[in-house]
Structure formats: structure tokens, C-alpha cells
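Look at the model first, then read on.

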Amino acid sequence: CVIQTIIENGEHRFVMTPSAKLYEIMNGMSGDTQIKETILNNPTYYTYQGYDVKTIKTLTTKDEAGNVYLIVVNNAKDQETSISVSLKDFSLNGKTVDVWYLTSDQVDDENTLANPNLVHVEKTSMSIANTDVLNYALAPHSITAFKLKDALQKVPSKVENLKAKDTNYKTITLTWDASENATVYDVYRKAYDSDEFKLYKT
């Protein structure tokens with residue numbers, strides 16, 4: 001049931017169930033193409049009728065803009081589960097991540113007329129710095145979605161064959177080989193008596 005109908009004083013009133021909140025996450029935090037994923041060190045949380053239920057379940061998708069979406073279910077009811085997310089051949093360093101998660105105080109909470117948002121979607125964001133991976137602690141028995149913005153945009157390769165040539169006593173000409181995936185080049189310079197480089201020209 002996505003929308004619960006409650007008759008009160010002869011009137012129909014409506015409450016969005018936790019399932020409806022889950023659909024909000026699915027619709028807002030998924031792309032149009034599913035991509036392959038590999039989960040390492042994912043222990044079995046419990047076994048049901050011979051089937052091993054893993055601690056972590058995931059769905060990974062992408063969109064045409066190069067964003068990657070990851071929806072993660074933490075089946076562990078009483079403990080946080082730490083995850084590390086990396087993308088093969090891509091760096092997440094410097095990327096911004098939107099984070100949505102379904103939250104409430106208790107696992108068996110329900111939305112009611114008195115408290116229609118007891119189970120709700122919390123929305124936040126984070127930045128990845130000084131590392132190529134996303135590290136995150138999943139709340140117990142939770143559903144968390146990540147949007148890795150521009151994650152599939154290739155990082156330009158290092159400039160090679162940089163050369164400087166004196167044109168005259170006031171001018172130096174710089175040349176270099178084109179860098180793959182680069183769309184613009186920023187040139188920095190510093191004075192001989194300074195330790196700080198400043199942007200000179202783009």
C-alpha cells in the first residue's frame with residue numbers, strides 16, 4: 001500500500017506510507033541505465049529456507065549526464081554497516097554526493113494522521129576530498145541512496161611535453177601536447193621572490 005486511506009468523521013483522509021517514501025527515493029535517485037556492480041566482503045546476515053540474505057543489497061544506475069546512482073539496503077537491524085564505494089577507471093576525489101535516506105526512530109514505525117512524516121526521507125549532501133572512494137556508515141536497517149555527481153566525467157591526463165621559448169625580453173611562449181579530455185587550460189605563474197602561484201590566463 002502506497003497511500004493509506006483513513007475514514008475519520010465520515011471523511012476520507014490520506015497518509016503516505018513508508019512504501020510511498022521509498023518510491024520517492026527510487027524515482028529521485030536512480031538513472032535510466034543499470035550498470036554492473038561488484039560487492040566485496042559482504043557477509044551473510046541470516047539464512048532463510050536455505051537462502052543466504054546478505055548484509056548489503058544494492059542497485060546501481062547511471063544517466064546520460066554522467067551521474068551515477070547507488071541505492072543501498074542495510075539488512076543489519078541493530079548495527080551500522082560501513083561501506084566504501086569506488087568506480088573502476090574513475091576518481092571520486094573532489095566530487096559532490098547527494099545522499100537521501102529513509103529514516104525513523106524505530107524499525108516498525110508507521111505514518112499516521114497524527115504523525116504523517118514519522119517515516120520520512122532525509123536529504124543531505126557531502127563532498128569527497130583527498131580520496132578516490134566514497135566512505136559512508138549506513139544506519140541500521142536502512143535504505144540509503146547516493147547520487148555521485150559527474151562521476152563518469154573523465155579526468156584530463158597530465159600535460160606532457162611542456163616547453164617555454166623566449167619570444168623577446170618581455171614575452172615567453174609556452175607550448176604543450178594536447179591533454180586527453182581537457183576542454184580548457186589554466187596557466188599559473190609566480191614571482192621569483194614568491195612561493196604562491198596565481199592564475200595568469202585561461
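By class, 14 nonpolar, ten polar and three charged residues line the largest pocket. Ala, Val, Leu, Ile, Met, Phe, Trp, Tyr, Cys and Pro count as nonpolar, Asp, Glu, Lys and Arg as charged, and the others, Gly among them, as polar. This is a predicted model: local features need pLDDT of at least 70, side-chain atom pairs count only at pLDDT 80 or more, and totals for chains, interfaces and linings use all residues. Residues are numbered from 1 along each chain as its sequence is written, and side-chain values use heavy atoms, without hydrogens and water.

A pocket, on a 1 Å grid over the protein atoms alone, is an open set of points with protein on both sides within 12 Å along at least five of seven lines; lining residues have an atom within 4 Å of a point. Volume is the space filled by probe spheres set on the points.

| Pocket | Volume | Lining | Nearest the centre |
|---|---|---|---|
| Largest | about 720 Å³ | 27 residues | Glu-37, Thr-38, Ser-84, Val-85, Ser-86 |

Strands E6 (56–62), E7 (68–74) and E8 (81–85) each supply at least two residues of the largest pocket's lining. E8 gives the most, with five residues. Strands (E, at least two residues) and helices (H or I, at least four) are DSSP runs, numbered from the N terminus.

Now the hairpin. Strands E13 (residues 160–168) and E14 (residues 171–177) pair in the antiparallel sense over six bridges; pairing takes at least two DSSP bridges. Two residues lie between E13 and E14 in this hairpin. Asn-168 stands opposite Thr-171 of E14.

How values were computed. 1 Å grid on protein atoms, 1.4 Å probe; cavity = no way out; pocket = protein on both sides within 12 Å on 5 of 7 lines; lining within 4 Å.
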